[in-house]
Each structure stands twice: as C-alpha cells, then as structure tokens.
Amino acid sequence: MRNLFRACVLAFRDYAHEALLSACAILGLAAVLTPLLVLYGVRFGVVETLTDRLRQDPVNLEISPVTSGRYSRAWLDAAARHPDVAFALPRTRSIAATMQLRPAAPDSRQHVVVSLEPTAPHDPLLVHYGLAAPEETAPLPAAGGEGLAPIGIVLSATAAEKLGVHTQSLLHGMVERRYDGRIERAETSLTVKAILPLAAQSRDVAFVPLFLLEAVEDYRDGRAVPHMDAGPGKAMWTGEAQPEEERLYPGFRLYARDLDRVETLRQFFAGQGIEVYTRAAEIAQVNGLAKALDLIFAMICTAAAMGFLASTASRAMADVKRKEKILGLLRLTGFGTAPLMLFPLVQASLTALLGTVLAAGLYGLTAHAINQLFAESLQGMEQICRLEALHLLLAFLLTGALSLLAALYPALRAARIEPSEVIRDV
Amino acid sequence: MDAVFSIRNLGKSRPGGFCLHLEALDIARGSLIAFAGPSGCGKSTALDILACALRPEPYPEAEVPGLFLFSPTPGHTTDVLAAWRRGGIDALAALRLRHMGYVLQTGGLLPFLTAQENILLHCEALGMGMSGQERALELAEQLGISHLLKQYPDSLSVGERQRVAIARALAHGPQVVLADEPTAALDPWHAANVLHLFSQIARHMGLTIVMVSHAPELAQSAGFSLVHFTVSAEGEMIRSRTRHLPEA
C-alpha cells in the first residue's frame, strides 16, 4: 500500500521534473480535445437553441383537426388520458363560438365581438404565460345576492385594449340569434381573470370555460339554457328544450406533452382517420439536424480518439523505454509489479486531467468568442456554443479512460523490465 | 562459518555461448569482497544474482544440486531459489529493500529527486521516519556531501553523485551492500578516496560488502578480499568459474 502511494508520488515528481515534456503532452491532448469540445458545444448549443425556441412556444405542441368531425365527450376524455397528451378540450362550432363584449360600466360605449376558445385549469398556453385559467365548470350563484356570479374569462391583449379593460374588470357578454324571424339576445356577466399577451394571440379572443361555449352554441341553435339565466332584469336564455341525444363536438384543442410526442400523436390520430395540423414538420427538421450533427460528430470523434490512442500509446511506450533505467532502479529498490505499472498510468492520468482542464479553458474562450460573434441573432439567454458541466466531466472521463487504455501496454512493459538489463550504461 | 550468502552450483548462460558458473561461493558476515577478473567474465551478472535481481539457473553438469541461501542476520535464512520459484522478482523485492543496498557504476540516482530525497529513497519505502533521516545526515557528513543535499543530480559532479549513491545504499541500515564498480567513473585519486570512505563506513556499521572491481589493487588497498573469476574456452563455450570458500 505504501509502495503504491510512493509510486504515485514519484511518478508525479518525475512528471513535474520533466515539466517541458509534460507540457508538450498536455498541449498535444488539448490540441485534439479543444476542437472537439467546440464542435460539440456548437452542435449542442444550436440544437438546444432551436429546440428551446420550439419548446418555448406552446403553439408547437398544439394539435388541431383539419376538418370538423363528430367527437363524443367520451372519445375526447379518452384522448385527454392518452399518455402523450398534456391537455385536451372539446371545441364547439366556430361559427357559433362568438360573443359581443362591452364593459359593465353604464357610460361605456365600446364593444367588440370576440371568438370564444375553451379553456380549463392547466391550459398549456396560459400556463406558459404564467396565467391562471378560470376554474368554474358551471355558473355559480352570486355571492350573497340574486342571480349568478360573473364568469371568469381570459382576454387577448387586442380585445382588452379595444374594450379599455384590465384584470378584474367586469364585462357584459351578449349573444344574438335569429329565432322565429325575430332577433333575440341573451346576456351574461363576465369578469376578466387575466390578459393574454400579444405574442400568444393577436386576434380578439376570449378564453372561457367550456360550459359557456356550450351555452352559446345551444342558444344559437334555438335551445333554452336555463342554468345561464341571471334573474330578472337580464335577457333570458330561452328556447326549446335540450335534445336527449349525446352532444357531439366538431373539433378539439389539444396539446402534446412534449415535442417528441407531437409526431407520435399525429400518427395516432392518422391511425383513427383524423387528419390534424401539427408543427411536426418543423420539429422533425430540428431532430433531423440534431441526428445529422450527431453522426458527423461521432465520426470526427472516432477518428480523433483513434489518433489520440495511437499517439498516447506511442508516447507512453517511448517514455517507458527512455526511463527504463529509472524503472529498473525502482525495481531494484523493491518496487513490485503493481507500483511499477502505476508509474506510467499515473503520468497518463495527469496528462488526461491537465489536458482536459486546458482544453476546457480554451473551449471557454472560444465559446465566448463565438457567442459574441452571433450575439445579434440570439435572444436572451440563448448561446450558439454551449456545454454543460456534465459534458466536460464526460470528456474528462473518456479522455482518462482512453489514456489509461493507451498506457496499459507500456505499463506492462514497465513492470517486466529486468533491472539487470537496464541499470548499466552500455 | 557464518555466511551471508551461501551458493553452490548456480549458473547463468547468455546467448552466444557464454556460461557463468558459480561453483561454490560463501561470503562471510562482515567481510569486504571484491569480484575480480577480466571484463566480460560475468562479475556483474554474479552481483545481480546475489542482489536477487536476476534469476539464476541450476548449473546443468554439476553433481551437487544448486543452492542459494541468504541470511541477512544470523539465524534468518531465506532459500532464494525457492523464492524465485514461488513468486519471481516480486517475492524478493521486500527482502532486497529491507536488507540490501545497491550502488551502481554511474547514474543510479533518480533525476527528479534531490540528493537528500535520493538518499532517503529506501528509508521512505520502508517507512522509517526520523531514524533514517538522522543516519542519512550523518552519512552525508561522513561522505562530505552535506552541502549538496538540496541539489538535483544533474547539478552534481560524477564523484558527488557516487557519494550520494553510496549514502543511499547505506541510509536504511542494510546488512549487505552490493556495488557494481562504484568508482569506475572517477579519476584514480577520487576513486581511492571514495573507496576508502566506503570501506571505513561499512566496517564501522558492521556491513558485508560485495563489490565488482575493475582495479583489484585499489580494492585490496582499501581492505577488500578478492574473489577471482577464471575464464576458460571449452570448444564453442566460454565458461567463467569462481570458487571461494573461506576457512571457517
């Protein structure tokens, strides 16, 4: 045990004493490793930046049917439970999914017709912008009074601007229909729970609970929606009785759990005969780029690793030959096979460690320069050349493993040195 | 007789038809022995066999079987041939480290250690601590190299290096010191000087020294007894033989 430790110390002293030669070995390793790190940094940075951009926008996760279909609630619930689906809600007929809004203040004249989109808690679009979706699943009675409490909605920025309203503002919602030759109106009161930024939605849209969409569609179809009646003084949701048969929806709003599942979901729906709009093509492009870069990187890496293995092995071999007198002397001193093998192995590990550290430092400088160079086309925290600590650790472990592998045979040679053959000057 | 080494009928042949035959070799405890003979007669080979650094072969034509006993201290005897058969060079490493010192012709110092670290090499390997350190300083004083201890070998003269090598061979308190022409690289005046110091210190410490010598007269004047190697040509074979059995 003591001899193993002594061998490490002596190997280190020898390494330090031959500082110039050791520096050459370290530089040699860094010369191979630095370009690889930069190359991988660029591959990782570019692909991460592109994927991040895709991932950051929930639009890329959205899947919607191309043509309107007839989806039952049970079918949609089953789709929502699919392991690749993060969120799914039914849509009503888009032609019926509009509402005229105006601020509740009596003197206000602005009004705007908005499209209605269904929403519910955990809606990825709202979650992405840090907004809470309305939670009610049916109209609630007003607190302490007659009628119903205002229904929470999320307004798009353009709609909110046109109406001049803010979060917590109260709105009147009005639905018109032509029924029996007359124009009829139904009303409900709404409250703005949140406002969706322009980047997320550029049209006049209100995100509302599904029951409101269903009520609006039913009313336009000439049916009564008694649970929406707010009491005397408000236009009533009157009409025919609700039909017995199950409600069918023409479409849905659905989000995949992550980018990789968009394509599997597309295939899943295609298997059911449903053609869907997805961003699968863009995602596939980025994935394809990542695969191609990986392949190129793997090929360059393999070539570099072979060269490194050969150069390290020949260097270690030459070192053992050059130092055979020292090694023979250590053998004579009483060092056994294991400590003698340690001698070249320790030195190879030192080169691996210091070479990786140097390469990491040079990589850091290069990466900084590259990121500065492309700073204009990058947003926020994005980097075109980027590695994580894990990558550098992996690089060190691989280099270390290769170095030890390369030094193994020279180490065996070192241990087989016959002192009597080497200790004398010829 | 109390012998440190007791050898019968060992051999070592080299390619090219040379064969060394250690017919009978007893080396008495505390004696100073110099191997003498023409160059190429296998003196250094014999020394390496004694150092347990070279595996001997039993001499094929001998009637008495080969024997190699090493007793560093009275009563403790190791059968070296058996140890070779058991574990090769590793089995003998500890024995060599503990009981032997070795001085080479030249350049036996590790270039990456200072003179002092070189001297303490065996002491460190044995984990001796302070006792080794004191003896090392004392030896450096006796050999006149106290002022060189912080220097690296490449800044020392050949003579200074040999003194450092001698100090290293002695510092860990071995029972036997083997030296391979330790003064060959020195001029006659320095050679005599170093050799006298060497034998003086060895006598003082009660050591056994076996030395290969290129200058028998010098060795004798420093108090060494000579053991001669005789070379004879036997057909294609060149045979070098030695026989040394001091009286009991």
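This note walks through a predicted model, chain by chain and then at the contact between chains.

1. Ground rules. Local features are reported at pLDDT of at least 70 and side-chain atom pairs at pLDDT 80 or more, while totals for chains, interfaces and linings use all residues. Residues are numbered from 1 along each chain as its sequence is written, and chains are lettered from A in the order in which they are written.

2. Chain A, domains. Chain A splits into domain 1 (2-56 + 284-422), domain 2 (67-88 + 255-274) and domain 3 (93-249). The bounds come from an automatic or database domain assignment. Taken over C-alpha atoms, the centres of domain 1 and domain 2 of chain A are 48 Å apart.

3. Chain B, overall. Chain B has eight helices and 12 strands. These are DSSP runs, numbered from the N terminus: H or I of at least four residues for helices, E of at least two for strands. Its radius of gyration, over C-alpha atoms, is 18 Å, close to the 18 Å of the globule rule for 248 residues, so chain B is as compact as a globular protein of that length. That rule is 2.2 Å times the number of residues to the power 0.38. The C-alpha trace of chain B spans about 55 × 40 × 35 Å along its principal axes.

4. Chain B, burial. Of its 248 residues, 46% count as buried. Buried means 20 or more other C-beta atoms within 10 Å of the residue's own, with C-beta atoms placed from the backbone.

5. Chain B, the sheet. Five strands form an open sheet with parallel pairing, in the order β7-β8-β9-β3-β10 (chain B). Pairing requires at least two DSSP bridges between two strands. β7 (100-103) and β10 (225-228) of chain B are at the edges with a single partner strand each, so one side of each has no neighbour in the sheet. Strand β3 (residues 32-36) of chain B runs parallel to β10(B), joined by four bridges. In β10(B), L226(B) is the bridge partner of A34(B).

6. The interface. Here 24 residues of chain B are in contact with 19 residues of chain A. Contact means C-beta atoms, placed from the backbone, within 7 Å. On chain B, α1 (43-50), α2 (80-99) and α4 (121-126) each supply at least two residues of the side that touches chain A. α2(B) gives the most, with five residues. By class, this side of chain B has 13 nonpolar, seven polar and four charged residues. Nonpolar covers Ala, Val, Leu, Ile, Met, Phe, Trp, Tyr, Cys and Pro; charged covers Asp, Glu, Lys and Arg; the others, Gly among them, are polar.

Methods
Contact = placed C-beta atoms within 7 Å. Buried ≥ 20, exposed ≤ 12 C-beta atoms within 10 Å, placed from the backbone.
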